[in-house]
Amino acid sequence: MGGGNGQKSKMARERNLEKQKGAKGSQLDTNKKAMTIQCKVCMQTFMCTTSEVKCREHAEAKHPKTDLHQCFPHLKQ
């Protein structure tokens, strides 16, 4: 006979397991691609989601004699 709920659950688990195996990828690669903001003075990169506050903190801490907009020209907008 073999068409009970236990069999259906087992098949569903096996299907989901196969789907998870196919979706492998490195999170490190994704993180590297997201590093799009760059300080023009020291060339340090930041995540694309970095706020203006964090950019300002970096400029004040690392480059106190340099203007914020020299470090991060994209903030002029």
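Student: Which residues does UniProt assign to the feature "domain: At2g23090-like zinc-binding"?
Tutor: This is a predicted model, in which local features need pLDDT of at least 70, side-chain atom pairs count only at pLDDT 80 or more, and totals for chains, interfaces and linings use all residues. Residues are numbered from 1 along each chain as its sequence is written, and side-chain values use heavy atoms, with hydrogens and water left out. UniProt positions are given in this numbering, feature names are shortened, and annotations may be inferred rather than shown by experiment. The UniProt record, an unreviewed entry, places the feature at residues 38-75.

Student: What percentage of the chain's residues count as buried?
Tutor: A residue is buried under 20% relative accessible area, exposed over 50%, and partly exposed in between (1.4 Å probe, protein chains only). The chain has 77 residues, and the buried share of them is 16%.

Student: Which residues of helix α3 are buried, and where on the helix do they lie?
Tutor: Helix α3 spans residues 52-62, and its buried residues are Cys55, His58 and Ala59. Seen down the axis of α3, these residues fall within an arc of 95 degrees, taken from the directions from the helix axis to the C-beta atoms. They therefore line one face of the helix.

Student: Which exposed residues are carried by the face of α3 turned away from its buried side, and what covers the buried residues?
Tutor: The cover over the buried residues of α3 includes β1 (37-38), β2 (45-46) and α4 (68-71). The face turned away from that buried side carries the exposed residues Val53, Glu60 and Ala61.

Student: Is His58 buried or exposed, and which residues does it touch?
Tutor: His58 is found in helix α3. With a relative accessible area of 7%, His58 is buried. Counting contacts as heavy atoms within 4.5 Å, and leaving out residues up to four places away in sequence, His58 touches Cys39, Cys42, Gln44, Phe46, His63 and Phe72.

Student: Which residue forms a salt bridge with Glu52?
Tutor: A salt bridge is a side-chain nitrogen of Lys or Arg within 4 Å of a carboxyl oxygen of Asp or Glu, and the structure holds 2 of them. The closest N and O atoms are 2.7 Å apart, and the partner is Arg56.

Student: How far apart are the closest N and O atoms of Lys54 and Glu57?
Tutor: Lys54 and Glu57 are 3 residues apart in helix α3, which separates them by about one helical turn. An α-helix has 3.6 residues a turn, so residues three or four places apart point the same way. Lys54 is partly exposed at 48% relative accessible area, as is Glu57 at 43%. They form a salt bridge in which the closest N and O atoms are apart by 3.8 Å.

Student: What is the phi of Met43?
Tutor: Met43 lies in the loop between β1 and β2. Met43 is partly exposed, with a relative accessible area of 47%. Although Met43 is not a glycine, its phi is positive, at about 65 degrees.

Technical notes. Helices (H or I, at least four residues) and strands (E, at least two) are DSSP runs, numbered from the N terminus.
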